[in-house]
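Work through the exercises below with the structure open beside you. Try each task before reading its solution.

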Amino acid sequence: MNEINLVSETLEVKMKRFAPIVVRLGLAVVFLWFGTQQIINTSAWVNLIPSWITSISGISAVGFVHFNGAFEIVFGLCLLMGYFTKATAFLLALHMLHITFTVGYNGIGVRDFGLSMATISIFLYGIDSWCLDKFLVKK
Amino acid sequence: MESKKIKSIISFLIISFLVVIIITLLANNISNRSASSYKPVDKNISIVTKIETTSYTLAQVKAHSSASNCWTVVKNNVYDLTAWITQHPGGSEAIISTCGKDATIAFLGQHGGQQNPENVLNSFKIGSYTK
C-alpha cells in the first residue's frame, strides 16, 4: 500500500513539473501564431487598431500592426526557448493587459484577459526545468 | 551579482527591441513594395470615376454588410466593393471586414498615398456619404 502511495506521489510530482512547461510552450505558440499572422496578413488586422493609437503615435496602422507582430514573434520565440523567461513573460503580460484594456468587455477581451493571467503566472513562476535560462545558469 | 543580472536583462531588452524594429522596418518595406506594384487583375474594371448621383447614410451602408452585398465608406464616399472582394490582392478578408463600415482609417493605413489603390477604389464609387 505504501509503495502504491509512493508511486502516485512520484507521479504527481513529475506531473506538476510539467505544468509550467505546458503553459509556457502553449502561450509561446499562441504569440508566435498571432505575430506571424500580423506580418503575413497585415490587412486583416488593420481594422482592429483603434484610431487613437495611430493619431497619438503618428505611426500608420500598418506600421503599428507590423511592430506588434514583430514584438510578438521576438518575445514569443524567447518564451518558447525560455530565454530571459521572467523578463519576457513580464513584457508579454503587460502587452496582453494593454490589449485586454483596449479591446474592452467582450468575448475577445475576456479571452485576452485569460491569456494575460496565464502570462502573469509564467512571470510569477519564472524558470522551469526546460528553460534555456536553467542551462545557461548552470554553465 | 545583482547589478550584473540587471545589466544582462537591460542588454537583452535593447537587443530584442532592435530586432523588433528591424523586423518592423523590413515588413513595412515589403508591404509597401507589394502594394505599389499591384494592378487591377480584371480588365473589366475601368479606372474611371463614376458620376456621383446619390448620397447615403451610415444606416444605408450598414444594410450592405455582407460578402455578397458589400458597401463601404472611405473618405466620405460610398463604394460597392462586392465585385472586388475576390480580386483584392491582399485577400478577401480585408475587404469583407470593412463591409457596412467606415473603412477610411483602414484604407489610408494600408494604401495611403498610393495611386493604384485609389484608382481601383474610385472605380467602385456609387455615391457620397452623409453623416
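Helices, of at least four residues, and strands, of at least two, are DSSP runs numbered from the N terminus. The model used here is predicted.

**Exercise 1.** State how many helices and strands chain B has, and in what pattern they follow.

Solution. Step 1: chain B has five helices and five strands. Step 2: along the sequence of chain B they come in the pattern α-β-α-β-β-β-α-α-α-β. Step 3: of the 131 residues in chain B, 23% are buried. Step 4: among contacts in chain B with a separation of 6 or more, 74% are between residues 24 or more positions apart.

**Exercise 2.** Describe how strand β3 (residues 69–74) of chain B is paired with β2(B) and β4(B).

Solution. Step 1: strand β2 (residues 65–66) of chain B and β3(B) run antiparallel and are joined by two bridges. B:S66 is opposite B:N69 of β3(B), and the hairpin between β2(B) and β3(B) passes through two residues.

Step 2: β3(B) also runs antiparallel to strand β4 (residues 77–80) of chain B, with four bridges between them. Here B:W71 is opposite B:D80 of β4(B). The hairpin of β3(B) and β4(B) has two residues between the strands, and B:K75 takes a positive phi near 50° in it.

**Exercise 3.** Why is β3(B) said to be largely enclosed by the rest of the structure?

Solution. Step 1: a residue counts as buried if 20 or more other C-beta atoms lie within 10 Å of its own. Step 2: five of the six residues of β3(B) are buried, so the strand is largely enclosed by the rest of the structure.

**Exercise 4.** Work out how helix α1 (residues 2–40) of chain A is oriented relative to α4(A).

Solution. Step 1: the axes of α1(A) and α4(A) come within 7 Å and cross at roughly 155°. Step 2: angles over 145 degrees count as roughly antiparallel, so α1(A) is roughly antiparallel to α4(A). Step 3: the crossing of α1(A) past α4(A) is left-handed. Step 4: the residues making the contact include A:L27, A:A28 and A:F31 of α1(A) and A:A70, A:F75 and A:L79 of α4(A).

**Exercise 5.** Which residues of the largest nonpolar core touch the most other members?

Solution. Step 1: the core has 48 residues, and A:A70, A:F75, A:L79 and A:L92 touch the most other members. Step 2: helix α4 (residues 61–81) of chain A gives the largest share of this core, 12 residues. Step 3: beyond its neighbours within four places in sequence, A:L79 is in contact with residues including A:R24, A:T88 and A:L92.

Conventions: Residues numbered from 1 in each chain as written. Chains lettered and ligands numbered in written order. Predicted model: local features only at pLDDT ≥ 70, side-chain atom pairs only at ≥ 80, totals over all residues. Buried ≥ 20, exposed ≤ 12 C-beta atoms within 10 Å, placed from the backbone. Pairing = 2+ DSSP bridges. Contact = placed C-beta atoms within 7 Å. Core = buried A, V, L, I, M, F, W, Y, C linked by C-beta atoms within 7 Å. Axes fitted to C-alpha atoms, helices over the stretch in contact; angles between N-to-C directions. Parallel < 35°, antiparallel > 145°, perpendicular 65-115°, else oblique. Left-handed = near helix turned anticlockwise from the far one by under 90°.
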